Amino acid sequence: MGEQPIFTTRAHVFQIDPNTKKNWMPASKQAVTVSYFYDVTRNSYRIISVDGAKVIINSTITPNMTFTKTSQKFGQWADSRANTVFGLGFSSEQQLTKFAEKFQEVKEAAKIAKDKTQEKIETSSNHSQASSVNGTDDEKASHAGPVDTHLRSENDKLKIALTQSAANVKKWEIELQTLRESNARLTTALQESAASVEQWKRQFSACRDENDRLRNKIDELEEQCSEINREKEKNTQLKRRIEELEAELREKETELKDLRKQSEIIPQLMSECEYVSEKLEAAERDNQNLEDKVRSLKTDIEESRCRQRHLKAELRSFLEVLDGKIDGLHDFRRGLSKLGTDH
């Protein structure tokens, strides 16, 4: 069946600088696909990433590997066979967490597979040794049996298998020693990486302090800009006020010119005023005379009215007397008429 992908994500790939063992070098210009593969035939796991036609990660996972989170979005692991340290930068903390959990899961599966393989090898080795010993005893017990030839053949086969097993053990011991040496190198690289992480933390802390200082400076500059804007507004208001005052000043100057023009005709107005005053005084004197005459006329009218009332009273008395005389005359005429009638 070959290898099958069991987990896929995207990340920026980095490798540790082989010279300094401290600085990271980008292995991809942009985020690329990073996948876990499982080989059914070999019962092994690999992390593979390809950028175009270039393989930038080909790391077989072993039980000794450890994936370390160095920040919220960055993680790394050391590969002794590739003699390098891989780093992955994710776009979110959730992606980093999922990748780390899968790494731990695959690591445990690789450990189980290795333990099963080791058990099979030990079982095969013990069985070969036991068969070899039993075959020797059988040779000592019987040299003339009918199955002697068959036992010798089986014993030779077991010797060959034991020799191959011993060779495999040496091979595995050599590979184990190589792995131990690689593990030591990776431990050293991991320690250096940890030191680099501490350095990066210090640099990050310094950058954060610098960022806080710059933010405070920006706040101060914004406050200064606000004060400058307020001063500009005040200056604008003062300019408008100055323009208004200049306009009022021009109006006052115009009024002053008008007053000066009017002041030039003040003497003429004063002479006219004096002439009018004299006329007014003469009119007042005439008015006083007229008032005296009016009062005199009023007195004459009152006296005339009194005479009229007196004459009216005398006239009424005279008329009454006259009426009495007329009545007497009428009485006399009636008496004469009566006397003539009698005679």
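Strand 8 is covered on both faces: Thr 84, Phe 86 and Leu 88 on one side and Val 85, Gly 87 and Gly 89 on the other are all buried. Buried means under 20% relative accessible area, exposed means over 50%, and partly exposed lies in between (1.4 Å probe, protein chains only). Six of the six residues of strand 8 are buried, so the strand is largely enclosed by the rest of the structure. This is a predicted model, in which local features need pLDDT of at least 70, side-chain atom pairs count only at pLDDT 80 or more, and totals for chains, interfaces and linings use all residues. Residues are numbered from 1 along each chain as its sequence is written, and side-chain values use heavy atoms, with hydrogens and water left out.

**Strand 8 and its partners**

- Strand 7 and strand 8 run antiparallel, joined by six bridges. Two strands pair if DSSP finds at least two bridges between them.
- Ala 78 has Val 85 in strand 8 as its bridge partner.
- Strand 1 also runs antiparallel to strand 8, with four bridges between them.
- His 12 stands opposite Gly 89 in strand 8.

**Loops with positive phi**

- Strand 7 and strand 8 form a hairpin with four residues between them.
- Asn 83 lies in that loop, between strand 7 (74–79) and strand 8 (84–89). Its phi is near 55 degrees, a positive value in a residue other than glycine.
- Asn 83 is partly exposed, at 45% relative accessibility.
- Lys 21 sits in the loop between strand 1 (3–16) and strand 2 (24–26).
- Lys 21 is not a glycine either, yet has a positive phi of about 60 degrees. Its relative accessible area is 24%, which makes it partly exposed.

**Chain overview**

- The chain has three helices and eight strands. Both are DSSP runs numbered from the N terminus: helices are H or I with at least four residues, strands are E with at least two.
- From the N terminus on, the order is β-β-β-β-β-β-β-β-α-α-α.
- Buried residues account for 19% of the 343 residues in the chain.
- Of the contacts (heavy atoms within 4.5 Å) between residues at least 6 apart in sequence, 52% join residues at least 24 apart.
- The chain exposes about 25,900 Å², and carbon and sulfur atoms supply 54% of it. Accessible areas come from the Shrake-Rupley method with a 1.4 Å probe.

**Cysteines**

- The structure holds zero disulfides. The cut-off is a pair of cysteine sulfur atoms within 2.5 Å.
- Cys 225 is partly exposed, with a relative accessible area of 43%.
- Cys 306 is partly exposed, at 39% relative accessibility.
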